[in-house]
Amino acid sequence: MRSLLICLCLAAPAYAEDSMTGAEFDAYVTGKTITFRTELNPAYGVERYLPGRRVMWSTFDGICRYGVWFESKGDICFRYEDDPEHKCWTMYNDPDGLRGIYTTNPFSTIIFEVLGREDPLICSDLSS
């Protein structure tokens with residue numbers, strides 16, 4: 001029985017226990033465009049991380065929003081144009097990429113980075 005328990009523990013996915021700090025998040029994301037998914041939605045959205053903690057978020061329906069991110073109480077929070085309420089996530093750097101747990105409304109959304117995808121931002125709502 002003991003060996004079965006040890007095997008099950010070793011087979012379980014290993015997730016980082018410590019959430020990312022703002023500095024760690026900045027070092028990981030700046031200059032990247034990252035595609036995110038949820039357990040039920042393989043195409044949750046794409047975010048481009050610009051210098052100076054600026055971001056551009058795109059859903060796959062052509063809606064884009066500029067914003068900024070900042071660290072607050074151990075979370076990584078985002079504030080987007082036209083939305084005064086910031087959105088906060090506890091971010092983890094797992095072996096399979098970023099994992100974020102939405103903390104503004106607890107237990108509602110967990111996002112995962114999709115490694116190897118290079119989806120473009122689709123911004124049909126922005127003028128050129």
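What follows is a conversation about the fold, the core, the pocket and some individual residues.

Modeller: Before anything else, please keep in mind that this is a predicted model.

Biologist: Noted. What does the secondary structure come to, and how do the elements run from the N terminus?

Modeller: The protein has two helices and eight strands, and from the N terminus on, the order is α-α-β-β-β-β-β-β-β-β.

Biologist: And which percentage of the residues is buried?

Modeller: Of the 128 residues in the protein, 35% are buried. The accessible surface comes to about 8,000 Å², and 57% of that area belongs to carbon and sulfur atoms.

Biologist: How many of the contacts join residues at least 24 apart?

Modeller: If you take the contacts between residues at least 6 apart in sequence, 42% of them join residues at least 24 apart.

Biologist: Let's go inside. Which residues of the largest nonpolar core touch the most other members?

Modeller: Those are Phe25, Tyr49, Phe78 and Leu98, in a core that has 18 residues. The elements that each supply at least two residues of this core are α2 (22–29), β1 (33–37), β3 (54–58), β5 (75–80), β6 (87–94) and β7 (97–102).

Biologist: Take phenylalanine 78 from that list; what is it in contact with?

Modeller: Leaving aside neighbours within four places in sequence, phenylalanine 78 is in contact with Phe25, Tyr49, Val55, Val68, Trp69 and Trp89, and also with Glu47, Glu85, His86 and Lys87.

Biologist: Is leucine 98 buried or exposed?

Modeller: Leucine 98 sits in strand β7, and it counts as buried because its relative accessible area is 1%, where the cut-off for buried is under 20%. With neighbours within four places in sequence set aside, the contacts of leucine 98 include Met20, Phe25, Tyr28, Val29, Ile34 and Phe36, together with Ile111 and Phe112. As for distance, the C-alpha atoms of leucine 98 and isoleucine 34 are separated by 9.3 Å, while the two residues are 64 apart along the chain.

Biologist: Methionine 20 turned up there. Where is it found?

Modeller: Methionine 20 is in the loop between α1 and α2, and it counts as buried because its relative accessibility is 5%. Not counting residues up to four places away in sequence, methionine 20 touches Phe25, Tyr28, Gly74, Ile76, Met91, Tyr92, Asn93 and Leu98. Methionine 20 and isoleucine 76 are 8.4 Å apart in space, C-alpha to C-alpha, and 56 residues apart in sequence.

Biologist: What about threonine 21, is it buried or partly exposed?

Modeller: Threonine 21, which is found in the loop between α1 (2–11) and α2, is partly exposed, with a relative accessible area of 34%. Beyond residues up to four places away in sequence, threonine 21 touches Glu71 and Ile76, and its C-alpha atom is 7.9 Å from that of isoleucine 76, at 55 residues apart in sequence.

Biologist: Changing topic: how much space lies in the largest pocket?

Modeller: About 270 Å³ of space lies in the largest pocket. Its lining has 17 residues, and those nearest the centre are Tyr44, Trp57, Tyr80, Lys87 and Trp89.

Biologist: Which elements give two or more residues to that lining, and which gives the largest share?

Modeller: The elements giving two or more residues are β2 (45–50), β5 and β6, and the largest share, three residues, comes from β6. By residue class, the lining of the largest pocket divides into eleven nonpolar, one polar and five charged residues.

How values were computed. Residues numbered from 1 in each chain as written. Predicted model: local features only at pLDDT ≥ 70, side-chain atom pairs only at ≥ 80, totals over all residues. Heavy atoms only, no water. Core = buried A, V, L, I, M, F, W, Y, C linked by side-chain atoms within 4.5 Å. Buried < 20%, exposed > 50% of the residue type's maximum accessible area, 1.4 Å probe, protein only. Helix = DSSP H or I, 4+ residues; strand = E, 2+ residues; numbered from the N terminus. Contact = heavy atoms within 4.5 Å. Areas by Shrake-Rupley, 256 points an atom, 1.4 Å probe, with all protein chains shown as cover. 1 Å grid on protein atoms, 1.4 Å probe; cavity = no way out; pocket = protein on both sides within 12 Å on 5 of 7 lines; lining within 4 Å. Points joined across faces, edges and corners; volume = space filled by probe spheres on them. Nonpolar A, V, L, I, M, F, W, Y, C, P; charged D, E, K, R; others polar.
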